Amino acid sequence: MQILHKTKLHPLAAALAATSILVACGTVNTVSTRTERASTSVPYHTQVNDAFANIFLKATDVRLVRTQGGVLKAQIDVANDGFRTRHFSYQVEWLDANGTLVESVMNNWRQAQVYSGGSVSLTALAPTPECTDFRLKVRENQ
Amino acid sequence: MHFRTLSYALSLSLCCCIASCGSPAKRIETGGPQSITTTSDVDDQDISEAANAMLSSLLELGVLRQAPQQPAVLLIDRITNDTTSDFPIDNLVYAMREQLVNSGQAAVNTTYGSNAESKLAQGEAKRDQFETGERTRIPNDFALTGRITELRRAAGNVRQSTFTFRLTLTATSGPRKGLEVWTKQAQFTKQGTKASVGF
């Protein structure tokens with residue numbers, strides 16, 4: 001009876017250990033000293049988050065700041081609450097005050113990855129000081 | 001006889017099937033997500049990302065806005081490719097020039113030195129100088145130099161290459177003449193056993 005009990009416990013313990021190892025592999029434990037939204041946060045958080053939710057990621061903050069060079073810089077903080085590293089591509093297109101696309105070689109696709117449990121800050125710089133808004137495209141890599 | 005005809009027909013249809021299984025030619029976005037990714041070469045998307053990283057750093061810090069004249073005048077000096085990958089450096093340089101010159105943030109002096117990019121424009125300037133007797137010289141603000149290097153490693157079948165793009169701006173006028181005023185490096189590490197289509 002005792003032997004039977006032991007054989008039942010063994011696979012369970014093994015499975016639990018294996019799960020712990022799998023979850024621990026490639027997982028990043030992330031902490032931040034910031035507990036509130038930054039003063040430069042912009043109210044596009046929900047829309048940006050929708051784009052990332054499709055690839056199982058979460059946008060935690062979206063900021064726009066004017067750099068010392070006079071152009072805007074966008075920063076999008078992306079977190080991965082899932083169990084595997086996500087590889088994705090993104091494109092930031094900049095628009096002027098009229099909503100017209102500002103053509104630039106800086107509107108190229110860029111690649112990023114975010115580890116399980118980790119986060120990444122995507123940054124994009126406006127090509128000219130006239131740019132006021134941006135458009136974000138996100139695509140999960142194959 | 002009947003069997004032979006049937007086998008010919010079958011072989012022909014099999015050949016047709018194999019021939020049509022290939023990927024048909026199509027246009028894709030240069031440097032876009034459908035581009036080919038290799039492990040041992042510099043790809044379109046690497047050049048685009050490097051140009052973007054360099055431009056972003058330049059514009060964020062406002063280095064060009066510190067020049068005594070606006071727009072700042074750039075000299076394109078030597079940018080060397082020290083990698084085993086054969087790719088045109090101009091793809092990087094012209095991407096940056098396009099952004100900086102066309103947006104009015106910089107001007108490139110194409111008539112400078114013995115290896116001037118525009119010999120005709122240089123000749124015109126020399127002719128003007130000869131006719132007027134006045135020596136006119138375009139004041140240059142910065143010289144752009146750079147180097148692209150590569151670090152290769154392998155573990156079994158898995159190959160890894162790190163390509164490092166380095167650019168430097170040296171002031172050619174003003175109080176910081178001769179000093180490096182900006183530098184930036186962008187790195188891309190690629191790992192895999194074979195090239196793939198798409199990111």
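Colleague: Which side chains does B:Arg127 meet in a salt bridge, B:Glu124 included?

Modeller: In this predicted model, the side chain of B:Arg127 pairs with that of B:Glu124, at 3.3 Å from N to O. A salt bridge here is a side-chain nitrogen of Lys or Arg within 4 Å of a carboxyl oxygen of Asp or Glu.

Colleague: Where do B:Arg127 and B:Glu124 lie?

Modeller: Both are in helix H4 of chain B, residues 119-132, and they sit 3 residues apart, about one turn of the helix. Helices (H or I, at least four residues) and strands (E, at least two) are DSSP runs, numbered from the N terminus.

Colleague: And how should I read the numbering and the values?

Modeller: Residues count from 1 along each chain as its sequence is written, with chains lettered from A and ligands numbered from 1 in the order in which they are written. As the model is predicted, local features need pLDDT of at least 70 and side-chain atom pairs count only at pLDDT 80 or more, while totals for chains, interfaces and linings use all residues; side-chain values use heavy atoms, leaving out hydrogens and water.

Colleague: OK, back to that pair. What is the relative accessibility of B:Arg127?

Modeller: B:Arg127 has 42% and counts as partly exposed. B:Glu124 is partly exposed too, at 40%. The cut-offs are under 20% relative accessible area for buried, over 50% for exposed, and partly exposed in between (1.4 Å probe, protein chains only).

Colleague: What does A:Glu140 do with A:Arg86?

Modeller: A:Glu140 forms a salt bridge with A:Arg86 as well, with the closest N and O atoms 2.8 Å apart. A:Arg86 lies in strand S3 of chain A and A:Glu140 in strand S6, so this pair ties together parts 54 residues apart in sequence.

Colleague: Is A:Arg86 buried or exposed?

Modeller: A:Arg86 is buried, at 11% relative accessible area. A:Glu140 is partly exposed at 27%, and A:Arg84 is partly exposed at 48%.

Colleague: Changing topic: how many residues are in contact between chain A and chain B?

Modeller: 22 residues of chain A touch 23 residues of chain B, where contact means heavy atoms within 4.5 Å. The area buried between them is about 1,900 Å², with carbon and sulfur atoms giving 50%. Buried area is the accessible area (1.4 Å probe) that two parts lose on being put together, summed over both.

Colleague: Which side chains meet in the salt bridge between the two chains?

Modeller: A:Lys73 and B:Glu60 do, at 2.9 Å from N to O, and the count between chain A and chain B is 1. The largest share of chain A's side, 3 residues, comes from S4(A).

Colleague: Last one: which residues are buried in helix H2 of chain A?

Modeller: In H2 (residues 45-53), A:Val48, A:Asn49 and A:Phe52 are buried. They sit on the same side of H2(A), because they cover an arc of only 100 degrees around the axis, taken from the directions from the helix axis to the C-beta atoms. The face turned away from that buried side carries the exposed residues A:Thr46 and A:Gln47.
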